[in-house]
Amino acid sequence: MDVKERLPVEELIRKAKEGREHAYAPYSHFKVGAALLTKSGRIFTGCNVENAAYSPGNCAERTAVFKAVSEGEREFAALCIIGGAEAGCLELCPPCGVCRQVLMEFCDPARFPIILATEEGKWEIHTLEELLPLGFGPGNLKK
Ligand code: THU
């Protein structure tokens, strides 16, 4: 992708790390943070929020998307994700299938960049389409 120069990657990594500080993961002990950049220039952070009943838990990415949408933002420029075991190092943390599908609702899969980072200076970037090929989105219902 050639979007690297135009994206505030280092700032998004810092924000994703800030989000991760709030992760509530007493069951998996795997903490994730996300930073979602809107086209209007705002950054929404998110963290995973687990639950004693397990399935109601929410991923960091969806937390960020839902925060943004609930504040009137629906147009997104990029997402950054950072995660790793509570006691270990940060590792590349690709979004789960449910989060990919939620992103598909709001983002152009061919253009939307997802930054998977471990540290400032250490990251890779993928489009949503690379992570969710032939995804089903709002356009499929209009055909
Ligand atoms: N998790 C996320 O928040 N985002 C991901 O991309 C992968 C997984 C969370 C869900 C759960 O709280 C914990 O990480 C372990 O799966």
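This is a predicted model: local features need pLDDT of at least 70, side-chain atom pairs count only at pLDDT 80 or more; totals for chains, interfaces and linings use all residues.

At Ala60, a backbone N or O atom lies 2.9 Å from an oxygen atom of the ligand. At Glu61, an N or O atom in the side chain is 2.5 Å from an oxygen atom of the ligand.

## The shell around the ligand

Which residues surround the ligand? They are Ser28, Phe30, Val32, Asn48, Glu50, Cys59, Ala60, Glu61, Cys93, Pro94, Pro95 and Cys96. Sorted by class, eight residues of this shell are nonpolar, two are polar and two are charged.

Some of the shell can be assigned to elements of secondary structure. At least two of its residues come from β1 (30-38), and at least two come from α2 (60-70).

## Packing of α2 and α3

Two packed helices are described by the angle between their axes and the distance between the axes. For α2 and helix α3 (residues 97-106), the angle is about 25 degrees and the axes are 9 Å apart. Angles under 35 degrees count as roughly parallel, so α2 is roughly parallel to α3.

Is the crossing of α2 and α3 left-handed or right-handed? The crossing in which α2 passes α3 is left-handed.

How values were computed. Residues are numbered from 1 along each chain as its sequence is written. Side-chain values use heavy atoms; hydrogens and water are left out. A residue is near a molecule or strand if one of its heavy atoms lies within 4 Å of it. A polar contact is a pair of N or O atoms within 3.5 Å; within protein, one must be able to donate a hydrogen and the other to accept it, and residues adjacent in sequence count only if both atoms are side-chain atoms. Helices (H or I, at least four residues) and strands (E, at least two) are DSSP runs, numbered from the N terminus. Ala, Val, Leu, Ile, Met, Phe, Trp, Tyr, Cys and Pro count as nonpolar, Asp, Glu, Lys and Arg as charged, and the others, Gly among them, as polar. Axes are lines fitted to C-alpha atoms, for helices over the stretch in contact, and angles run from 0 to 180 degrees between N-to-C directions. Angles under 35 degrees count as roughly parallel, over 145 as roughly antiparallel, 65 to 115 as roughly perpendicular and the rest as oblique. A crossing is left-handed if the near helix is turned anticlockwise from the far one by less than a right angle, and right-handed if clockwise.
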